[in-house]
Amino acid sequence: MSYLDVVGKSHPQIDGMEKAMGKTRFVSDLSLPKMLYGRTLRSPYPHAKIKNIDVSRAESLPGVKAVVTYADTPGIKYGPRSEDWTIFAADRARFCGDEVAAVAAVDEDTAEEALELIKVEYEELPWVTDPLEAMKEDAFLLYDDKPRNIAAEYKIAAGDVDRALDESYYVYRDRYYTNEVYQAYLEPMGAVADVDSNGRITMYAGTQVPSMMRLTYAKALGLPLEAIRVIVPDYGGAFGAKMENNVHLVAAVLARKAGRPVKLINTRHDDFIAGNPRVPMYIDIALGVTRDGLLTGKDVTVIGGAGARMVYAQIIVGTACYRVDSLYRFKNVRAKGYTIYTNTVPTSCFRGFGNSQMTFVLESSLDMIADELKMDPAELRMKNGIGANETSVHGWRITSNGLRDCVAKATEAANWKEKRGKKTPLRGIGLSCCNHVSGNRAFFPEFDGSGGIVRVGRDGRIVVYHGESDMGQGQKTVYAQIVAERLGVPLDMINVATVDTDISPFGFGSFATRGTLMGGNGVLAAAEEAFKLLAEVAAELFEASPQDIQCRNGAFFVKGAPEKTIPFKDVAEKASLARFGAPLVAVGSYKPPTEYPDAVTKYGNVSPAYPFGCHIAEVEVDPDTGQVTVTNFVAAHDVGRAINPMATEGQIQGGVAQGLGWTVMENMVFEKGRINNPDFLDYLIPTSMDVPNITPILVEPVEPNGPYGAKGIGEPALNPAMSAITNALYNAIGVRFKELPVAPETVLAELRKRR
Amino acid sequence: MEPGKDVEMRIPIQLKVNGEDHSLRVKPNRTLSDVLREDLELTGTKKGCGSGKCGSCTVLMNGRAVNSCLILAPQADGAEILTIEGLAERQPHPLQRAFVEKGAIQCGYCTPGMILTAKALLDENSNPNEGEIKKAIAGNMCRCTGYNKIVEAIRSCASSESE
């Protein structure tokens with residue numbers, strides 16, 4: 001790979017102009033003939049028995065074509081990793097927002113009016129919203145078979161933690177809390193569901209996991225897998241939230257009953273109260289260090305809130321327990337995780353997936369240790385960071401590793417040494433590192449990996465089929481670049497097909513920062529096959545050997561004789577004729593060199609490659625209001641190789657902005673069992689006025705297991721941001737903030753204490 | 001007319017949208033954003049919150065950037081509306097080109113509203129500085145980009161604006 005033509009270039013997104021012109025049809029823009037509009041009736045109580053539901057008045061409202069409740073479903077229990085979901089509450093609503101009934105009508109106004117005509121008799125039950133309260137012996141149970149509302153427990157240990165901590169020069173111990181935050185993608189969740197004359201469902205949904213969610217939904221609807229087709233239009237963001245959610249199933253149930261397509265898009269209010277927000281966590285940490293600053297041992301307890309039913313919270317708590325262990329050269333670690341049911345909206349994946357919560361805690365703790373040892377926090381990372389080609393305490397085989405480069409480049413760009421040396425009142429600078437995965441074998445026993453299809457038509461038009469998901473992060477363009485590079489054609493000859501489970505490969509989906517590495521390797525494998533088939537045709541035309549055929553800039557030639565070329569289109573035409581019209585379709589698969597971890601020890605290499613990052617934040621505190629302004633930010637990321645540098649920078653800046661929001665302004669406030677700020681007026685996300693210049697630095701060690709050397713960026717872009725900011729606050733005003741968010745009132749109170 | 005069904009009150013309105021005249025009869029509670037998206041099938045204008053906070057529904061009404069989800073359709077009677085679909089003429093508008101070329105678009109949901117707000121800014125101030133740009137787009141939420149590349153894209157259209 002001495003020279004790349006397409007990969008490594010900052011191509012504008014291939015669907016960018018469509019989006020800029022307003023031509024892109026998002027899920028909520030879709031319209032089908034005879035389509036109805038759906039609305040969901042949700043429980044107003046955090047916990048209540050459902051005594052009776054009377055839908056008769058709603059059903060007779062003119063314009064209403066279907067009203068559904070639990071009675072209209074097969075009554076099957078299901079869930080992505082559990083069996084505690086039903087489509088609509090059966091006899092109990094377990095959170096304020098729980099689906100109780102739904103309506104499909106000729107327009108939204110009628111659907112909304114119909115909701116008000118549905119009479120539900122509730123009998124309120126005791127409720128609990130805090131995981132610590134929910135775990136108490138006398139807490140009211142959400143599920144009778146889950147004592148103390150413990151949905152799941154997680155345990156992991158390696159080495160001898162107690163001894164390591166005992167022998168440490170210093171052990172830092174503290175408790176942290178990371179709050180529940182909302183992904184706040186701009187397009188609310190929803191789907192358009194259609195049913196054909198055989199009862200086969202087509203679901204148009206903005207989903208990160210089109211193939212995987214079919215498995216769960218088929219079970220929920222009591223249908224064979226082939227009875228559901230998922231098509232993924234462009235959709236307005238996800239950040240982890242858009243995986244399995246009852247909103248899709250409600251649309252399907254309505255469509256089946258009405259016999260017409262149904263569009264059900266959450267109102268923003270519904271999306272706040274019944275989306276899939278972040279798992280809130282209480283984290284206790286004990287972290288030991290030698291006098292020279294070598295980390296000795298780490299002992300953590302994580303208590304995470306699952307909400308009223310399990311989406312992925314237990315895996316997220318597990319991830320929080322141990323993913324960071326492979327960031328440093330830990331040898332002695334122990335973690336216990338508890339995932340707790342609470343009468344709140346079910347929590348789930350949000351960029352970082354437990355690793356962001358724990359990174360906040362670990363990197364804050366390292367800062368406290370650096371302070372105790374009077375050591376430069378950057379030096380502490382350099383001293384302890386895991387290296388390239390090392391195996392971590394849990395058997396993670398790190399291949400490429402740009403962690404130290406990230407620290408070096410970030411500190412240089414941020415003028416770290418100089419700024420740490422100065423002591424400007426109310427101003428500070430802080431640093432944090434992170435690790436992550438690029439795919440996670442532990443997620444699903446059956447499978448990890450990817451497949452791709454490349455189709456070359458007689459006209460030379462190339463179509464790439466993948467099964468992952470572009471939620472705006474730019475997956476389509478990256479896959480197109482990879483295929484264009486391998487085939488040797490300009491980018492504009494590549495088209496990326498809409499993901500349609502009838503045609504596309506089974507893609508696990510876009511999460512665990514797996515899209516570029518896994519999906520990229522899948523389409524690359526397909527492109528390899530396509531090239532081989534084309535090379536055979538070209539070889540005949542050149543009267544040469546297929547091994548000597550090359551292609552660049554859309555023209556084939558024989559190695560060593562580049563002046564004699566045949567255009568790609570001519571070879572494609574010849575290929576079609578040679579097949580008597582059958583298209584040239586190449587299929588490829590990628591089997592990652594990973595292991596499903598041991599059930600007890602969790603030991604095993606779960607990812608083909610591990611990305612790393614280092615963030616440096618600068619803050620300024622207003623002494624009169626307690627407001628924290630992030631004035632500057634540097635984010636260095638080891639991405640293996642940036643397939644598209646501009647897109648990678650965009651991801652970094654977006655991740656940092658989300659981290660900033662989480663740290664200083666975002667909070668889902670629960671009061672009396674309800675979210676009391678389910679709207680953008682009271683749930684603040686960063687605007688252009690809140691986000692400073694963010695300088696992204698790309699570190700590219702070239703990952704041997706990645707497509708053209710790439711690994712992922714999505715989640716690492718966020719992970720270190722929160723502690724970078726709170727570490728900067730510690731530097732600024734000497735206060736260690738251990739709870740997110742850091743509200744102005746809190747800062748002000750601390751400043752006043754110090755006066 | 002179905003027996004027993006009330007006659008719905010509809011209000012006649014005239015809208016000039018992207019240069020085209022429309023005569024419509026709308027229910028009094030319909031918003032401009034719904035009329036644009038559903039009646040006129042101009043789905044480029046997005047709905048992100050329905051309560052005027054996110055800015056995805058931004059259109060230009062008589063030259064000013066407004067949240068179309070907060071405008072009742074009858075209030076727009078007689079107005080000239082510019083939606084994202086009307087921005088390009090024979091070629092994409094420089095703002096559209098800049099957003100694409102500078103990587104200022106990720107999921108694209110905030111993009112139409114963001115571009116129209118930028119247009120309103122540049123129409124009023126053809127050479128805004130970074131601070132002025134940030135202030136102008138403060139009512140347009142973006143969750144994907146962190147705003148940096150959006151500000152760069154708008155800045156790149158400053159002073160070379162020929163409209």
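Predicted model: local features only at pLDDT ≥ 70, side-chain atom pairs only at ≥ 80, totals over all residues.
Phe612(A) has Asp638(A) as its bridge partner in S26(A).

Zooming out a bit, S25 and S26 sit in an open sheet of four strands in chain A, ordered S16-S25-S26-S29. The pairing in this sheet is mixed. At the edges stand strand S16 (427-435) and strand S29 (694-699) of chain A; each has just a single partner strand, so one side of each is left with no neighbour in the sheet. Ignoring direction, neighbouring strands here are turned against each other by 15° on average.

The sheet also has a helix packed on it, namely helix H18 (residues 721-733) of chain A. H18 touches S16, S25 and S26 of chain A, and the direction of H18 makes about 150° with that of S16(A).

Then there is the place where the two chains meet. Chain A puts 45 residues into the contact, and chain B puts in 44 residues. On the side of chain A that touches chain B, the elements giving two or more residues are helix H1 (16-20) and helix H17 (645-664) of chain A. H17(A) gives the most to this side, with eight residues. Sorted by class, the side of chain A that touches chain B holds 20 nonpolar residues, 17 polar ones and eight charged ones.

Methods:
Residues numbered from 1 in each chain as written. Chains lettered and ligands numbered in written order. Contact = placed C-beta atoms within 7 Å. Nonpolar A, V, L, I, M, F, W, Y, C, P; charged D, E, K, R; others polar. Pairing = 2+ DSSP bridges. Axes fitted to C-alpha atoms, helices over the stretch in contact; angles between N-to-C directions.
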